[in-house]
Amino acid sequence: MRLLQILARPAQSTGFSTLAVRTVLPLALCGWLATGLIVTQAEARKLTPGEEVDLALVLAVDISYSMDREEQRLQRLGYISAITSPQVMKAIESGLIGKIAVSYIEWAGATSQFTLVDWHVISDLHSAQDFAGALAEAPIKRAYRTSISGGLLFAGRLIEQIEAQPLRRVIDISGDGPNNQGGPVLEAREQVLSQGITVNGLPLVLSRTEKGWYDIDNLDVYYARCVIGGPGAFAIPVRDIEGFAEAVRMKLILEIAGQSQPQLVQPADYKPQDEEFCLIGERIWQDRIRQYDDDWRQNRLQIPDWKG
C-alpha cells in the first residue's frame, strides 16, 4: 500500500521533517493498528459518472509565504492523519450512501490555485489510505499573496465539474490571513453559495514569536463574518499548529456526518454592515504599498545626483 511505502522512506525523501514523520504519521499508523484497519493494498478509486455520494468535499489549503515550511508540513500531515482516522471512517460509513468524494487543492494569490489530488471516492480505509498516499507524495510548495476569493471560486468550479451526484457540496477552506488579492471575498462567497455550496473554515490563529505585517488579531471573526456561509456553515479556529490534526479530524466528522456543533465551533455570522470590515486585508495591503512608495520617494530624494 502506497502510504505504508511512504512511511518506510527516509524523512528527507518524503518532503516532511524528521520530527513530523516520527510523530504525526506514526500516531495515525498506531490508530490503524489498534483498530485492526491496516490494509496491504489500495487501488485508486476514481469517480464513476452519475455515481451518488453523500458529500462532495473540496479541501482548500492556504500555501502563502506567511506560513513557514514546518507549519505547512504539519498542516499536510494533519490532513493525512485525519482523513484516515477511525472516527472519520465511522462517519463516512454511517452516511446514507456510505461514501464521499474528496479533492485537495492548494491556493495563494489570485492566479495561484493547484489541484494536488483530484476527485477520489472514499468509502473505506483502503480508499482513504489511497487518497492519503497520493497527498503524501505531492510536493509541498509555497506561493505569494492571499486570495481567499480566488481559492473559493476555483473550488466552486471544481465542484461544478464533478461527475458524481452528491447529496451535499462543501468547500473546507483553511488559511492564516485575510483576502488581499483578487476580487472581494464577499462577492466570491456569494457566487459559491448561489451554486448550492456550503463554505466552512479553518482559520489558523497561530501565536507566533514575531507578528507579521499582514496578521490580524481577529482572523476567526473575519472567517465567521466574511468567508464561511451556507446551511450549517461553521469554522474551527486553530490556535496551535500542533493541534491542527485534531481540528481537521473534528471538522471532517462534522462535515461528513452533519452532526450538531460543539461549543468550540464558530457559526457563520455575516451582517450586511460587514462589507467594510471584510476589506481589511485589501486595506492593509494598500497601506503597505503606499508606505513602500513613500519610503522609495524619500530615499530617492536623498541620493546625490552624480554626473561626473
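Biologist: In which strand is the place of Leu57?

Modeller: This is a predicted model, in which local features need pLDDT of at least 70 and side-chain atom pairs count only at pLDDT 80 or more, while totals for chains, interfaces and linings use all residues. Residues are numbered from 1 along each chain as its sequence is written, and side-chain values use heavy atoms, with hydrogens and water left out. Helices (H or I, at least four residues) and strands (E, at least two) are DSSP runs numbered from the N terminus, and the strand that holds Leu57 is β1.

Biologist: Is Leu57 buried or exposed?

Modeller: Leaving aside neighbours within four places in sequence, Leu57 is in contact (heavy atoms within 4.5 Å) with Ala101, Val102, Ser103, Trp119, Val170, Asp172, Leu252 and Glu255. Buried means under 20% relative accessible area, exposed over 50% and partly exposed in between, with a 1.4 Å probe and protein chains only. The relative accessibility of Leu57 is 0%, and therefore Leu57 counts as buried.

Biologist: What part of the 308 residues in the protein chain do buried residues make up?

Modeller: The protein chain has eleven helices and seven strands. Among its contacts between residues at least 6 apart in sequence, 82% join residues at least 24 apart. Of the 308 residues in the chain, the buried ones make up 52%.

Biologist: With which residue does the side chain of Asn200 form a polar contact of 3.1 Å?

Modeller: Asn200 is found in strand β5, residues 198-203, and counts as buried because its relative accessibility is 2%. Not counting residues up to four places away in sequence, it touches several others, including Val170, Asp172, Phe234 and Lys251. A polar contact is a pair of N or O atoms within 3.5 Å, where within protein one must be able to donate a hydrogen and the other to accept it, and residues adjacent in sequence count only if both atoms are side-chain atoms. At 3.1 Å, the side chain of Asn200 is joined in this way to that of Glu255.

Biologist: Which residue's backbone nitrogen lies 3.1 Å from a polar atom of the side chain of Tyr222?

Modeller: Tyr222 is found in helix α9 and, with a relative accessible area of 0%, is buried. Beyond four places in sequence, its contacts include Ile148, Pro178, Phe277 and Cys278. The residue asked for is 43 residues away in sequence, with 9.9 Å between the C-alpha atoms, and the backbone nitrogen lying 3.1 Å from a polar atom of the Tyr222 side chain belongs to Asn179.

Biologist: Why is the disulfide of Cys226 and Cys278 called left-handed?

Modeller: The structure holds one disulfide, a term for a pair of cysteine sulfur atoms within 2.5 Å, and the sulfur atoms of Cys226 and Cys278 are 2.0 Å apart. The pair links distant parts of the chain, 52 residues apart, with Cys226 in helix α9 (219-227) and Cys278 in the loop between β7 (266-267) and α11 (280-302). Cys226 is buried at a relative accessible area of 0%, and Cys278 is buried at 2%. The disulfide is left-handed because the torsion about its S-S bond is about -85°.

Biologist: Which element supplies the largest share of the lining of the largest cavity?

Modeller: On a 1 Å grid over the protein atoms alone, a cavity is a set of points where a 1.4 Å probe fits but cannot get out, its lining residues having an atom within 4 Å of a point; points are joined across faces, edges and corners, and the volume is the space filled by probe spheres set on them. The structure holds one cavity of 30 Å³ or more, and the largest cavity has a volume of about 40 Å³. At least two lining residues come from each of β1 (52-62), α4 (69-83) and β2 (100-107). The largest share, three residues, comes from α4.

Biologist: What value is phi of Arg145 near?

Modeller: Arg145 lies in the loop between α6 (125-137) and α7 (148-160), and is partly exposed with a relative accessible area of 22%. Most residues other than glycine have a negative phi. Arg145 has a positive phi, near 70°.

Note on methods. 1 Å grid on protein atoms, 1.4 Å probe; cavity = no way out; pocket = protein on both sides within 12 Å on 5 of 7 lines; lining within 4 Å.
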